[in-house]
Amino acid sequence: FPSVVKKDGRRIEYEREKLRASFNQALRKRPVSSEQVDSAIERIEERMLTHGSRELPSSRLGEWVMRELKKLDKVAYIRFASVYRSFEDIDDFRALVDEVRR
């Protein structure tokens with residue numbers, strides 16, 4: 001897998017368990033099976049492998065996680081996105097909820 005480039009420029013090895021932990025945190029107490037999470041992770045890893053680069057920005061990985069969460073569970077998607085995008089105010093949050101409602 002490509003290295004993950006963090007926002008501060010550090011390069012770290014990709015760890016499937018870190019990705020799974022992100023999904024599990026967003027999906028806590030939500031009706032999504034571990035098989036569904038495994039499938040989502042496999043789709044992300046496939047994208048990573050076909051990305052064609054030795055490095056992958058963590059922001060791209062985060063966007064892929066959000067895309068998968070949006071398909072799996074809207075509440076989990078909102079949870080993850082609100083932390084990932086570090087909303088400054090309630091209007092940012094409202095805009096995200098409105099986007100999900102559409």
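Arg 43, Arg 47, Glu 68 and Lys 71 are joined in a network of salt bridges. A salt bridge here is a side-chain nitrogen of Lys or Arg within 4 Å of a carboxyl oxygen of Asp or Glu. By this rule the count is 13 salt bridges. Please keep in mind that this is a predicted model, in which local features need pLDDT of at least 70 and side-chain atom pairs count only at pLDDT 80 or more, while totals for chains, interfaces and linings use all residues. Residues are numbered from 1 along each chain as its sequence is written, and side-chain values use heavy atoms, with hydrogens and water left out.

- Helices (H or I, at least four residues) and strands (E, at least two) are DSSP runs, numbered from the N terminus.
- Buried means under 20% relative accessible area, exposed means over 50%, and partly exposed lies in between (1.4 Å probe, protein chains only).

- Arg 11 and Glu 55 form a salt bridge, and their closest N and O atoms are 2.5 Å apart.
- This pair links distant parts of the chain, 44 residues apart: Arg 11 sits in strand 2 (residues 11-12) and Glu 55 in strand 3 (residues 55-57).
- Glu 55 is partly exposed, because its relative accessible area is 33%.

**A bridge between two helices**

- Glu 45 and Arg 16 meet through their side chains in a salt bridge, with 3.2 Å from N to O.
- Here too distant parts of the chain are linked: Glu 45 belongs to helix 2 (residues 34-50) and Arg 16 to helix 1 (residues 16-26), 29 residues apart.
- With a relative accessible area of 11%, Glu 45 is buried, whereas Arg 16, at 30%, is partly exposed.

**A bridge between two loops**

- The side chains of Asp 73 and Arg 30 come together in a salt bridge of 3.0 Å, N to O.
- Asp 73 lies in the loop between helix 3 (58-72) and helix 4 (74-84), and Arg 30 in the loop between helix 1 and helix 2, so the pair links distant parts of the chain, 43 residues apart.
- Asp 73 has 7% relative accessibility and therefore counts as buried, while Arg 30 is partly exposed at 29%.

**A look at Arg 60**

- Arg 60 is part of helix 3, and its relative accessible area of 36% makes Arg 60 partly exposed.
- Arg 60 and Val 5 are 55 residues apart in sequence, and their C-alpha atoms are 9.8 Å apart in space.
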